[in-house]
Amino acid sequence: MKTAQVENGILVIKESDKETLANRKGAICKVLGCGLCGSDIVKLSHNLAKDGTVLGHEIVAKIVEIDSDTDFCVGDVIVTSHHINCGKCEYCKNGNVSMCRHFKETNLKPGGFSEYVFVSEEHLQNVAYLKPDNLSNDEAAFYEPLACCIRAIRRASLSENSTVLVIGLGSVGILMAQGLKAFGMNVIGCDLISSRVNLLKSFGIEAFCVNELCESIKADCVFMTSGSDNAIATALKYVRDGGKILVFSSTPQNFGYANNEIYYRELTVLGSYSPSKEDLKISLNLLKNNAVKVKGLSDYYSLDNVQKAINDTVSNKILKAYIEIGS
Ligand SMILES: [Zn+2]
Ligand SMILES: [Zn+2]
């Protein structure tokens, strides 16, 4: 089968052995498509993935072979996330499910940018769902990335009608802003790129270019979906005293929020990484009910063109790439 593998910081197409069930419970799935996640790009650009790694985890896939105690059967089209927490360790007990060691070890084999994947019984039982009929494949592929946003929103534990500012309106910022709106927040978005500002406005959410943000904005929480170091100053400017900053992206220089600013202004800075089972469930419902709209957000690429999808995403030519693999 064809897979896209990491090689010296880029993805190259290689042939590898097709996954088989062998003695494993679970399903062999034909990957219909897989969204390209910002984290895939960071793993490549920061050399965090070994050569030979198959990236991609935002999959929509059709079951072609199955040995499972679940109700899934051959022919079902499913969405699934890639990690599952154990529910028993100290991280899990304290709500840090994405820090759970089992969470980090579980994965789709070999990865989403592949013609076939092995989805384990544990995945089927915990994080896989039938693709809702009213969602196209590229829309359903937002199941996992939207769930990441839902986790961030829930971790911020804000009261309804809080004023929130989303900085960075890439695909994740667009999801985050809509998710926050669905949770009853008073949402403002900002970006440097005016087409992205207009895109958020088209969802009925207030949005501005960063330099046009009203000076008087005092956000109860700022959601940092921008990967720019400069966004940190913007966050500190617009968060109210006593407010929160939810960190949702890595920044190139990895410098932080000033200690004294956190102290004197009584700020809370918190991170949010990857979703829990509950976040995933909420995400799928929001997509299904059209409370978060993702129609037309993705550009299609073939597996052969996955590296072009990465380049186009990095250069902001497109908002979100969906790699169409099978049918
Ligand atoms: Zn992702
Ligand atoms: Zn755990």
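Helices (H or I, at least four residues) and strands (E, at least two) are DSSP runs, numbered from the N terminus. The model is predicted, so that local features need pLDDT of at least 70 and side-chain atom pairs count only at pLDDT 80 or more, while totals for chains, interfaces and linings use all residues. Residues are numbered from 1 along each chain as its sequence is written.

**View 1. A cis peptide bond joins K109 and P110.** Omega of this bond is about 0°, and P110 is placed in the loop between α3 (101–105) and β6 (116–120). Most peptide bonds are trans.

**View 2. The largest nonpolar core has 99 residues.** A nonpolar core is a set of buried Ala, Val, Leu, Ile, Met, Phe, Trp, Tyr and Cys residues joined through C-beta atoms within 7 Å; a residue is buried if 20 or more other C-beta atoms, placed from the backbone, lie within 10 Å of its own, exposed if 12 or fewer, and partly exposed in between. V222 and I323 have the most contacts inside this core, whose largest share, eight residues, comes from helix α6 (residues 143–155).

**View 3. V222 touches L165, I167, A235, Y238, V239, I245 and L246.** Residues up to four places away in sequence are not counted here, and a contact requires C-beta atoms, placed from the backbone, within 7 Å.

**View 4. E266 has a positive phi, near 50°, in a residue other than glycine.** E266 lies in the loop between α10 (259–264) and β13 (268–271), where this residue is exposed, with 9 other C-beta atoms within 10 Å.

Key: Chains are lettered from A and ligands numbered from 1 in the order in which they are written. Two residues are in contact if their C-beta atoms, placed from the backbone, lie within 7 Å.
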